[in-house]
Amino acid sequence: MAAHRKPSRRSLNGSPARTAFTIAVAGAATATGFDGTGHAEPALTPTQVKAEVDKLYQEAEVATEKYDGAKEQADAAERRLSALRDEAARKTDRLNSARDELGSIATAQYRDGGLDPALQLALSDDPDHYLEGAEFVDRAGTRQAAAVADVREQLREIEQLRGAARIELAGLRSRQAELKRDEKVITGKLDAARRLVSRLSAAERARLGDGIHRASRSATGARDGLVSLGSATAEAPDSRAAAALSYAYSKLGSPYVWGATGPDAFDCSGLVQAAYRSAGISLPRTTYAQIDAGRRVSRSELAPGDLVFFYSGISHVGIYLGNGMMIHAPNPSAPVKIAPVDEMPFAGATRVV
């Protein structure tokens, strides 16, 4: 009878490993025959790689907006927590002063409390002065009762502050955990995109890069005539929209960094927030909040300075420049650039001025 042998383990460079990689990164499946033999996965073309990379970048941007929202909430919770702690510290200092005052009164009472008032009057070298002092003690007793009540109220307020601080701290820790989860998702998507691109040859990567960056490189041409800054600002609804456009225009070529709000790097909503902040207008941090920060306008009503939003989840935003073009921070594959509004699925627009 033939001896049974364990099947040899396939090399990590073999088809199963490539299939697992593709499923995890690109979502593709490899067909397997009924006889258990794995069929080689067809190599992705540069066009297919670009489609997968674009998809990963878009998914990373959704996670980036979640990250930005959680970071905004965490920062606000941290500020509230710091304010509560400062207020509690100030009240504790006042409480300690009130306690010291009560302690002095109690010590004086204890020191004098062993003598009967009549005997104290009899032994006093100055009975008139003693009687005046006794009247003061009666008044001091009333003030002491008020001081005790004040101390009790301060204790209650401090405990309330500490309770509020505990709630803020719990919320802050929850937001920080959410930030870590979102960061892991973002870096995972970006790493997957880089791995996909690295599977191509140098020539294929060059062609792919040309496709990804073509609109970026055309930004210089846009400066020269396609949509000039002067014509855009002249058609802006008011001076603040024009100022925001000027700021965004000055940042052409700045790198995309998720979570960044300038001045040297941006994500999409960070660029919009920074541009309008330079014009004196405070906008929310995230795309899904920015779309509600002004008056909705239709696509046919678009004017320079309007915010244009993309994808069903409102995960990307740019600033309309005019002539069907916008300025935006696209993704890690390209810097801040001028691009067609038609480049992505349009979801809506807002005029914030």
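Q: Which residues does Ala-60 touch, not counting residues up to four places away in sequence?
A: The contacts of Ala-60 are Ile-186, Lys-189 and Leu-190. A contact means heavy atoms within 4.5 Å. This is a predicted model, in which local features need pLDDT of at least 70 and side-chain atom pairs count only at pLDDT 80 or more, while totals for chains, interfaces and linings use all residues. Residues are numbered from 1 along each chain as its sequence is written, and side-chain values use heavy atoms, with hydrogens and water left out.

Q: Why is Ala-60 called buried?
A: The relative accessible area of Ala-60 is 4%. Buried means under 20%, exposed over 50% and partly exposed in between, with a 1.4 Å probe and protein chains only. Ala-60 therefore counts as buried.

Q: Which residues line the largest cavity, and which elements give two or more of them?
A: The lining consists of Tyr-57, Ala-60, Glu-61, Thr-64, Ile-186, Leu-190, Tyr-256, Trp-258, Asn-331 and Pro-332. Helix H2 (46-112) and helix H4 (127-198) each give two or more. H2 has the largest share, four residues.

Q: What is the make-up of this lining by class?
A: Seven residues are nonpolar, two polar and one charged. Ala, Val, Leu, Ile, Met, Phe, Trp, Tyr, Cys and Pro count as nonpolar, Asp, Glu, Lys and Arg as charged, and the others, Gly among them, as polar.

Q: Why is the pair Lys-55 and Glu-59 called a salt bridge?
A: A salt bridge is a side-chain nitrogen of Lys or Arg within 4 Å of a carboxyl oxygen of Asp or Glu. For Lys-55 and Glu-59 the N to O distance is 2.8 Å, so the pair meets the definition. Both residues lie in helix H2, four residues apart, about one turn of the helix. Lys-55 has 44% relative accessibility and therefore counts as partly exposed. Glu-59, at 23%, is also partly exposed.

Q: How do you know that Glu-168 and Arg-80 form a salt bridge, and which parts of the chain does the pair link?
A: Their closest N and O atoms are 2.8 Å apart. The pair links distant parts of the chain, with Glu-168 in helix H4 and Arg-80 in helix H2, 88 residues apart. Glu-168 has 17% relative accessibility, so it counts as buried. Arg-80 has 41% and is partly exposed.

Q: How many salt bridges does the whole structure have?
A: The search finds 17.

Q: Why is Lys-91 called buried, and what is it in contact with beyond its neighbours within four places in sequence?
A: Lys-91 has a relative accessible area of 14%, so it is buried. Lys-91 lies in helix H2. Its contacts are Gln-154, Glu-157, Ile-158 and Leu-161.

Q: What makes helix H9 mostly covered?
A: Nine of the 11 residues in H9 (residues 268-278) are buried. Among them are Cys-268, Leu-271, Val-272 and Tyr-276. Gly-280 follows H9 and has a positive phi, near 85 degrees.

Q: What makes a set of residues a nonpolar core, and how many residues has the largest?
A: A nonpolar core is a set of buried Ala, Val, Leu, Ile, Met, Phe, Trp, Tyr and Cys residues joined through side-chain atoms within 4.5 Å. The largest has 59 residues, and Tyr-276, Leu-307, Leu-321 and Ile-327 have the most contacts inside it. Elements giving two or more residues to this core include H2, H4, H9 and strand E2 (307-310). H2 gives the most, 13 residues.

Technical notes:
On a 1 Å grid over the protein atoms alone, a cavity is a set of points where a 1.4 Å probe fits but cannot get out, and a pocket is an open set with protein on both sides within 12 Å along at least five of seven lines; lining residues have an atom within 4 Å of a point.
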